[in-house]
Amino acid sequence: MMRAIASNQYGSAEVFQHCEINKPQPKPHQVLVRNHATTVTGADIMMREGKPFVGRLFIGLRKPKSTVLGFEFAGEVEQVGEAVTRFKVGDKVFGGTTHLGCYAEYVCVNENDVITTIPDNISYEEAAPVNGSAVTVMNFLRGLGNIQANQKILINGASGGLGTYAVQIAKYFGTEVTGVCSTPNVEMVKSIGADSVIDYLKEDFTKNGIQYDLIFDTVGKRSFAECKKSLTSQGMYLSAVLNPTLLGQMMWTAIAGGKKAKSSATGMLPIAKRLAYFEEIKTLLATGKIKTVIDNRYTLAQMAEAHRYVEKGHKKGNIVITI
Ligand SMILES: NC(=O)c1ccc[n+]([C@@H]2O[C@H](COP(=O)([O-])OP(=O)(O)OC[C@H]3O[C@@H](n4cnc5c(N)ncnc54)[C@H](OP(=O)(O)O)[C@@H]3O)[C@@H](O)[C@H]2O)c1
């Protein structure tokens with residue numbers, strides 16, 4: 001048996017129940033991970049609520065198909081299926097799985113999913129958030145944005161889960177980075193490497209006349225229309241939050257010349273592509289080029305509290321559940 005947080009219905013954070021369920025058994029190509037840390041992000045809130053409604057076609061129409069949520073894990077391989085070749089018992093591993101099940105002491109993961117070994121200098125708590133947030137940032141900045149050294153980049157939402165990785169990864173690529181956040185987070189965003197910081201409570205970056213090669217709105221708070229004047233003639237607007245207006249702008253700007261608008265659903269990229277980004281980020285973590293910013297740590301039993309905090313929309317970096 002193992003401890004887990006289960007939810008048998010969609011709804012508020014109160015749907016979670018702390019329970020004992022059967023420990024999963026790995027299939028031939030799976031590893032059983034003794035999970036030491038998982039995370040709560042915006043994606044977890046959407047899974048818990050069953051929103052947007054259309055998503056229920058995949059995750060269960062009336063109630064969640066997977067009662068144990070949780071995308072990300074960091075732990076130790078306790079058992080391997082008979083066909084596993086990439087991992088052995090005792091390996092420290094981290095990653096993410098769209099099959100969920102990470103709000104638990106043990107999770108089975110396909111060896112060909114987004115999973116790799118943890119660098120020695122990284123704790124389980126620092127490792128757990130990497131798959132969702134840092135891989136997304138690599139997909140946006142390098143995959144979509146083709147980021148280049150010496151470009152001027154603006155990161156909106158620089159203090160969040162995506163934002164704190166985005167500032168550091170953009171600096172790693174040799175760009176000049178401006179972070180946008182509110183007053184309490186200005187010093188933190190400077191401390192992770194931003195060359196300058198705009199406090200959105202005091203200044204509107206879309207009205208100060210400065211232009212950027214890339215604007216990455218990690219929190220989807222500023223539209224392409226609002227940002228257009230702040231982009232250079234071939235500049236690009238990237239938003240992690242897709243909406244129908246942006247979809248239209250993406251299609252239009254893809255065929256027209258000049259400024260572009262782009263977005264992507266990172267979780268829907270092929271596993272091989274996400275794993276390649278993940279391995280690249282692992283190297284950046286191992287060499288100290290980037291680090292994971294952690295806001296609060298919660299226990300499994302405090303899952304509802306962690307969800308209520310994340311849904312306020314003001315976390316600083318990442319929320320980790322220590323198991
Ligand atoms: N497309 C994809 O592939 C993909 C993948 C992962 C996540 N996402 C989405 O990306 C979004 C961001 O995720 P996240 O984990 O980074 O979010 P998050 O950590 O919850 O974002 C919180 C941060 O947003 C900042 N913020 C709030 N209002 C702001 C505003 N008006 N202007 C600038 N910053 C503001 C907050 O700073 P203050 O407290 O200073 O306001 C806080 O630090 C979510 O909607 C998530 O679903 C998309």
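## Reading the model

Residue numbers start from 1 along each chain, following the sequence as written. Because the model is predicted, local features need pLDDT of at least 70 and side-chain atom pairs count only at pLDDT 80 or more, while totals for chains, interfaces and linings use all residues.

## Overall fold

The protein chain holds 10 helices and 15 strands (DSSP runs numbered from the N terminus: helices are H or I with at least four residues, strands are E with at least two). The C-alpha trace spans about 60 × 40 × 40 Å along its principal axes. Of the 323 residues, 46% count as buried, meaning that 20 or more other C-beta atoms, placed from the backbone, lie within 10 Å of the residue's own.

## Two domains

An automatic or database domain assignment gives domain 1 (2–129 + 292–322) and domain 2 (132–265). Their C-alpha centres lie 28 Å apart. Where they meet, 12 residues of domain 1 are in contact with nine residues of domain 2 (C-beta atoms, placed from the backbone, within 7 Å).

## Around the ligand

Let's turn to the ligand. Both domain 1 and domain 2 give residues to the shell around the ligand, so it lies between them. Of the 32 residues around the ligand (C-beta atom, placed from the backbone, within 6 Å), Gly 42, Gly 160, Gly 161, Ser 182 and Thr 266 come nearest.

Elements that each supply at least two shell residues include α1 (42–49), α4 (130–144), α5 (161–172) and β9 (176–181).

Conventions:
Two residues are in contact if their C-beta atoms, placed from the backbone, lie within 7 Å. A residue is buried if 20 or more other C-beta atoms lie within 10 Å of its own, exposed if 12 or fewer, and partly exposed in between; C-beta atoms are placed from the backbone.
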